[in-house]
Amino acid sequence: MNDPELVTRVRALVETMYGGYLGGDRSAIDQLLDAELTMFDSASAPLISGMDELNAVRAGRGAGDDAAPAQTETALVPGLFTARRIGDVISATWWLRIDAVDADGAPIVPEVVRNSAILLDTDGPLRIIQLHEGVVQHFGGPVTTGLPEF
């Protein structure tokens, strides 16, 4: 059920996506997303349908909030990937640990997110057509017991 070659390809895509996020390179992320993407974002309740809605969610982050962020993300660490082919799509899952520091620079309890995605695998590079991000441990805690180590 878990295909190591597909895991390698999905992991490369995910690491590129998270590298773009940390580096503030939206184009690096967007080239990995299908124009008709659907997404449950970890920080936004409604279903996002398409790039216009995703860009609206992005534009709304931090809008009207002049306060300094409670934490600064320092690393996005994905792990425990699974991937399997179903026709021209790949069903994939992975965990993500987001390390951060507080306003004083002290490390805080990381956010932990479980992810599932459907990727289109036709002629050309993989593209994410559906993404679901589910936070299972929030920044600063409390620590959720039973989470996998990665």
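## Helix α1 and its surroundings

The buried residues of α1 pack against α2 (26-30), β3 (71-86), β4 (89-102), β5 (111-120) and β6 (127-137); contact means heavy atoms within 4.5 Å. Helices (H or I, at least four residues) and strands (E, at least two) are DSSP runs, numbered from the N terminus. The model is predicted: local features need pLDDT of at least 70, side-chain atom pairs count only at pLDDT 80 or more, and totals for chains, interfaces and linings use all residues. Residues are numbered from 1 along each chain as its sequence is written, and side-chain values use heavy atoms, with hydrogens and water left out.

Which residues of α1 are buried? They are Leu-6, Val-7, Val-10, Leu-13, Val-14, Met-17, Tyr-18 and Gly-20. These residues cover an arc of only 160° around the axis, which puts them on the same side of α1; the arc is that of the directions from the helix axis to the C-beta atoms. Buried means under 20% relative accessible area, exposed over 50%, and partly exposed in between (1.4 Å probe, protein chains only). The face turned away from the buried side of α1 carries the exposed residues Pro-4, Glu-5, Thr-8 and Gly-23.

## Length and ends of α1

Helix α1 covers residues 4-23, and at 1.5 Å a residue its 20 residues should span 28 Å; the end C-alpha atoms are 28 Å apart, which agrees. The expected span is 1.5 Å times one less than the number of residues.

At the N-terminal end, Asp-3 caps α1, with a side-chain oxygen 2.9 Å from the backbone nitrogen of Glu-5. Such a polar contact is a pair of N or O atoms within 3.5 Å; within protein, one must be able to donate a hydrogen and the other to accept it, and residues adjacent in sequence count only if both atoms are side-chain atoms. Just after α1, Gly-24 has a positive phi of about 70°.

The structure holds one aromatic pair. The ring centres of Phe-81 and Trp-94 are 5.9 Å apart and the planes lie at 20°, so the pair is stacked. Rings of Phe, Tyr and Trp (its six-membered ring) pair if their centres lie within 6.5 Å; planes under 30 degrees apart count as stacked, over 60 as edge-to-face and the rest as tilted. Phe-81 is in strand β3 and Trp-94 in strand β4, 13 residues apart. Phe-81 counts as buried at 8% relative accessibility, and Trp-94 counts as buried at 2%.

Asn-115 sits in strand β5 and is buried, with a relative accessible area of 4%. The side chain of Asn-115 reaches the backbone oxygen of Val-113 at 3.4 Å. Not counting residues up to four places away in sequence, Asn-115 touches several residues, among them Tyr-18, Trp-94 and His-132.

## Salt bridges

How many salt bridges are there? The count comes to seven, where a salt bridge is a side-chain nitrogen of Lys or Arg within 4 Å of a carboxyl oxygen of Asp or Glu. One of them joins Asp-30 and Arg-58 (2.7 Å, N to O). This pair links helix α2 with helix α3 (residues 50-60), 28 residues apart. Asp-30 is partly exposed at 23% relative accessibility, whereas Arg-58 is buried at 12%.

Asp-34 and Arg-127 also meet in a salt bridge (3.1 Å, N to O). Asp-34 is in strand β1 (residues 33-40) and Arg-127 in strand β6, 93 residues apart.
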